[in-house]
Amino acid sequence: MEIRQCRGIQGEVTVPGDKSISHRSVMFGAIAQGTTEVTNFLRGADCLSTISCFRKLGIEIEERPEKIVVHGRGLYGLSAPSQVLDAGNSGTTTRLISGILAGQDFSCTLTGDASIQKRPMNRVIEPLSRMGADIKSERGNGCAPLLINGRPLCGIDYVSPVASAQVKSAVLLAGLYAKGQTRVTEPALSRNHTELMLAGFGADLKSCGNTAALTPGQPLYGQSVAVPGDISSAAYFLAAGLIVPHSEVLVRNVGINPTRAGILEVIRAMGGRLTVLNERLCAGEPVADLLVSSSSLTGTTVEKALIPALIDELPVIAVMAAFAHGTTVIRDAAELKVKESDRIRTVTEGLRAMGADVTPTEDGMIICGGRPLHGAFVDSYLDHRIAMSFAVAALAADGSTRIKNADCVRISYPGFYEDLERLSR
Ligand code: S3P
């Protein structure tokens with residue numbers, strides 16, 4: 001993919017549905033009684049992997065033009081798959097489905113692509129095993145393929161060492177099948193879609209601070225889910241609108257759940273011109289339209305409890321920082337190393353190739369902004385968020401940039417380059 005510097009980003013865009021909520025709508029719909037209808041479902045490769053896994057578990061899922069319809073079979077309605085379950089590139093599919101499969105009365109094998117087979121799964125194997133689950137990493141390296149022998153489970157009080165919604169969700173989902181209450185406490189609050197949605201489907205789930213407590217025994221019932229636009233996808237247009245001169249962009253229908261919307265705080269701290277319009281509720285989640293325009297940004301520090309609320313946006317925040325005056329410090333973000341790529345390494349490599357001053361650290365990076373960036377040949381390392389972040393940097397850099405392995409954007413935003421091109425002047 002070749003992207004040239006542009007004169008401005010102008011117009012309106014409606015980004016695709018939220019990836020986290022789309023995954024959960026299919027998973028929870030599958031184990032609920034009755035049908036779940038999902039509008040604005042993200043038809044990206046990751047969420048299609050979730051659909052494919054649940055079809056192999058005996059769930060009928062219709063992909064109609066206007067909605068997805070999941071014919072749920074209740075908590076005990078899944079059937080043993082005759083094939084290996086393939087989660088593709090999706091960490092959310094792999095980790096959340098592990099929690100569901102741990103408590104079934106059948107065995108199965110769960111795997112994914114080369115990237116998934118390198119990502120840490122001990123973070124779910126360990127707490128699920130404590131609940132009585134029988135899960136093994138086939139190669140003994142703590143990664144997929146996972147052999148899961150469903151077994152009766154017991155609730156636990158789990159204090160997680162990482163603020164991870166995938167870990168929290170896996171344990172809570174296993175808790176649906178366990179004897180007694182399951183509690184998960186995290187060091188900082190990660191995205192809370194599982195808590196909000198499972199309660200909406202009928203589970204007895206209560207949250208207090210960084211702890212979520214699930215008491216099993218309640219059936220889940222199918223729901224209508226209207227998926228808000230994904231703030232993680234909106235982030236690329238917000239960043240482009242801020243760093244490209246002569247820009248004004250309106251991103252419509254974006255989910256701004258506080259556990260996801262940390263990037264808005266960072267934009268404000270950097271002095272970005274951002275207006276939040278038409279705030280409203282959509283399927284229990286706050287939604288708004290976001291308006292940004294070209295701004296003179298300043299460096300900032302991004303750290304501590306804010307990190308989980310913008311973890312997937314850190315690559316594009318690093319891009320904004322490269323175009324800001326002064327230094328930006330990103331810390332407490334070691335989780336970046338275990339995403340679809342090691343994002344500390346891949347962001348540093350690409351931004352340095354474009355002329356930025358970036359120093360990687362153990363848990364983040366330091367970016368001295370303000371150096372003029374130039375087009376370069378950069379590699380996404382098959383990481384969708386890296387490809388989209390470099391595409392944004394390319395719009396504001398001198399000359400032209402070529403992105404290797406650019407079509408991985410299909411994971412979360414299949415029409416990304418088309419939308420970007422439509423707004424580019
Ligand atoms: C997600 C949780 C986050 C995030 C991922 C989606 C989810 O991962 O990075 O893109 O839907 O629960 P972690 O739980 O590993 O932080």
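Predicted model: local features only at pLDDT ≥ 70, side-chain atom pairs only at ≥ 80, totals over all residues.
Trainee: What's the strand order in the open sheet of three strands?

Mentor: The order is β1-β25-β24, and the pairing is mixed.

Trainee: Which strands stand at the edges there?

Mentor: β1 (2-4) and β24 (377-379). Each has a single partner strand, so one side of each is left without a neighbour in the sheet.

Trainee: And how are neighbouring strands turned against each other?

Mentor: By 25° on average in this sheet, with direction ignored.

Trainee: Which helix packs on that sheet?

Mentor: Helix α11, residues 384-396, which touches β1, β24 and β25. The direction of α11 makes about 35° with that of β1.

Trainee: Back to β1. How many bridges join β1 to β25, and do the strands run parallel or antiparallel?

Mentor: Three bridges, antiparallel; β25 covers residues 400-404.

Trainee: What's the bridge partner of E2 in β25?

Mentor: E2 has R402 as its bridge partner in that strand.

Trainee: Different topic. What's the order in the open sheet of four strands?

Mentor: β20-β21-β23-β22, again listed with mixed pairing. β20 (301-302) and β22 (357-361) are at the edges. Each of these two has a single partner strand, so one side of each lacks a neighbour in the sheet.

Trainee: How many bridges join β20 to β21?

Mentor: Two, and β20 runs parallel to β21, which spans residues 326-330. In β21, V329 stands opposite T301.

Trainee: Where does helix α9 lie?

Mentor: Helix α9 (residues 314-322) lies across β20, β21 and β23. Against β23 (364-369), α9 runs at about 25°.

Key. Residues numbered from 1 in each chain as written. Heavy atoms only, no water. Pairing = 2+ DSSP bridges. Axes fitted to C-alpha atoms, helices over the stretch in contact; angles between N-to-C directions. Contact = heavy atoms within 4.5 Å.
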